[in-house]
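Please open the structure in your viewer and keep the sequence panel beside it.

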Amino acid sequence: MKYRTARACYYGGRYDRTRELLLSMEEIAGIEDTVRWWLADSSFELEKYEEAESYCDEILRHSPTSENALPLKIRLLSMRSAYEEIVRLAGPALEKGYRSVSVVFNYACALRRTGQYDKAGEWLGILEEQIGRHPSVVLEYARLYDDTERYDDAMECVDELLERDPSDVSAIYLKAGILCSMDRYQEAFDIYRAQVDAGRESYYENYRLGYVCFCMRNYEDAERYYRRTLEYAPDHRGAMNELGDTLQKLGRMDEAVEYYAKAIADGYRNARWLWDLIRLLRRMGRYEEALEYCKTGMKEFPDDGRFYEMAGMNARGLKRYEEAIGYFETYGEVDDRQDALTRIAYCYEKSGMKEKAEEIYLKGTEEFPEEYDSWHSLGVFYKDEKRYEEALEAFLKALELSSDSAYRLICIGVCYENLGDAGKAEESYRRSLELALSKIEKRPFSPCNYEAAAEAYSHLGDKEKTVEMAEKALELHLEHFGCPKLNCYEAYQDMGRICETKGELEEALGYYEEAWDCGKLDEDKETVERLRKMVEGRE
């Protein structure tokens with residue numbers, strides 16, 4: 001009696017009553033799977049997803065290709081983004097000829113989500129044979145092409161969907177996303193803005209508008225849209241983090257720190273966002289705070305070497321060299337031993353233990369003879385110690401392994417110059433300049449390339465070009481990093497050196513004071529003291 005009533009309730013859509021009757025039945029022999037299926041489907045309709053999945057699992061244990069339970073199980077897995085599990089569960093059934101449309105579709109999606117792009121394309125082709133160019137198939141093709149950077153093909157699919165239905169929101173937003181991938185930000189902005197103007201404003205549109213404005217370097221509008229996102233969704237941690245990025249670009253460092261910290265508050269785990277906060281604190285010279293967050297990163301993400309590396313760099317910034325070496329040693333065990341050896345050697349060097357530093361630098365070249373950075377770091381050490389023959393040998397070995405460094409060519413020129421070979425020195429400086437200018441042409445917003453060009457021009461005696469390049473490098477540092485800390489000290493050094501050469505001592509002193517404030521390097525402090533005495537002597 002209960003069974004017949006439950007069946008009537010199930011087919012009548014009365015899922016609460018269906019579930020109640022089925023759970024009260026004492027005898028279900030011979031109808032177990034039917035009862036379990038009705039319980040699974042009723043639980044799903046009642047949004048009791050864990051129960052629904054549990055009933056599906058009971059059916060699938062002895063009937064792995066159940067025409068009811070398998071599609072629902074796959075749908076439930078898709079709802080919680082368990083793509084690897086979908087691949088594991090659906091793959092064997094499909095390979096045996098099972099062809100539920102929903103299972104094939106979710107399987108193709110899961111393959112894409114797990115980076116199995118070729119196989120995803122194959123199964124989309126099978127799905128297309130089953131149901132033709134259904135909008136869901138075309139949309140998934142577009143997503144696959146977008147993920148594999150076949151943007152023109154992706155755009156064709158999206159345009160096909162919009163030709164059928166110009167109001168297809170999924171296609172509209174995917175088109176905007178593809179335009180962003182193609183760096184066509186203004187067109188993407190126009191699409192998102194049109195949705196807002198049409199009355200479809202939510203956190204999502206504002207979030208995407210903020211992203212697009214940020215990419216177009218329109219940071220004021222980016223800030224406005226991210227703040228608008230947070231009005232709609234106050235707990236949107238992505239918007240908090242990206243507002244932090246934006247405020248950093250606007251030079252409002254303390255506010256940026258505040259929003260980065262909010263994004264990871266209450267134990268929220270996101271390695272990249274934590275890294276953003278640590279990196280900014282270090283740029284601001286707030287080493288102690290940065291180090292505390294590094295300890296959080298090491299605890300929460302013990303296999304992520306970046307946190308050990310950054311812990312070492314912040315401890316080094318505090319001149320706690322022994323502590324820094326400990327962090328770098330762990331960094332070498334977890335991630336990059338070659339880089340760790342270089343950083344350990346530098347700690348010994350800065351603490352005055354030059355023999356130990358040389359020993360570790362040499363160890364790096366012995367353990368990693370094919371890594372150009374090991375040789376370059378050894379060369380810099382020898383150059384700073386004025387051991388130019390040994391430095392030149394190391395730099396030439398590094399150049400042999402990688403010729404794509406303007407700075408390395410400058411170092412080689414300095415060695416030749418100090419060894420009395422002016423011809424080879426000039427040749428190296430000119431090669432360095434050519435390489436730096438070619439990089440500027442390709443990446444006009446990279447301050448490092450302008451710094452290299454400035455130094456090359458300086459060695460070649462072109463003061464006007466040196467100033468032009470150094471000023472551009474400083475401008476880009478300030479724009480790119482939002483603050484002059486840490487990343488700008490070389491640009492300030494360059495400007496200080498130029499002004500001192502021109503006899504403009506007050507200006508030179510100002511630049512070197514900025515360099516000292518940024519990098520806290522002993523040599524900058526000595527230069528500041530020397531120039532201050534010279535300026536006071538003039539007065």
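In which helix of the chain is confidence lowest, and in which is it highest? Colour this predicted model by pLDDT and select helix α29 (residues 489-501), where confidence is lowest, at a mean of 72; then select helix α14 (residues 219-232), where confidence is highest, at 97. Next select residues 482-487, over which the pLDDT is below 50, although this stretch has 25 contacts in the model beyond near neighbours in sequence. Where pLDDT is low, the predicted coordinates should not be read in detail. For the chain as a whole, the mean pLDDT is 89, and 94% of the residues reach 70 or more.

Now move to F381, which has its place in helix α23 (residues 372-384). Is F381 buried or exposed? With a relative accessible area of 1%, F381 counts as buried, because the cut-off for that class is under 20%. Show its surroundings next: leaving aside residues up to four places away in sequence, F381 touches E349, K354, A357, E358, Y361 and R387. If you then draw a distance from F381 to E366, the two lie 15 residues apart in sequence and 16 Å apart in space, C-alpha to C-alpha.

Finally, select S428, found in helix α26 (residues 422-442). S428 is likewise buried, with a relative accessible area of 5%, and, when residues up to four places away in sequence are not counted, S428 touches L409, I412, G413 and Y416.

Notes
Residues are numbered from 1 along each chain as its sequence is written. This is a predicted model: local features need pLDDT of at least 70, side-chain atom pairs count only at pLDDT 80 or more; totals for chains, interfaces and linings use all residues. Side-chain values use heavy atoms; hydrogens and water are left out. Helices (H or I, at least four residues) and strands (E, at least two) are DSSP runs, numbered from the N terminus. Buried means under 20% relative accessible area, exposed over 50%, partly exposed in between (1.4 Å probe, protein chains only). Contact means heavy atoms within 4.5 Å. pLDDT is the predictor's confidence in each residue, from 0 to 100.
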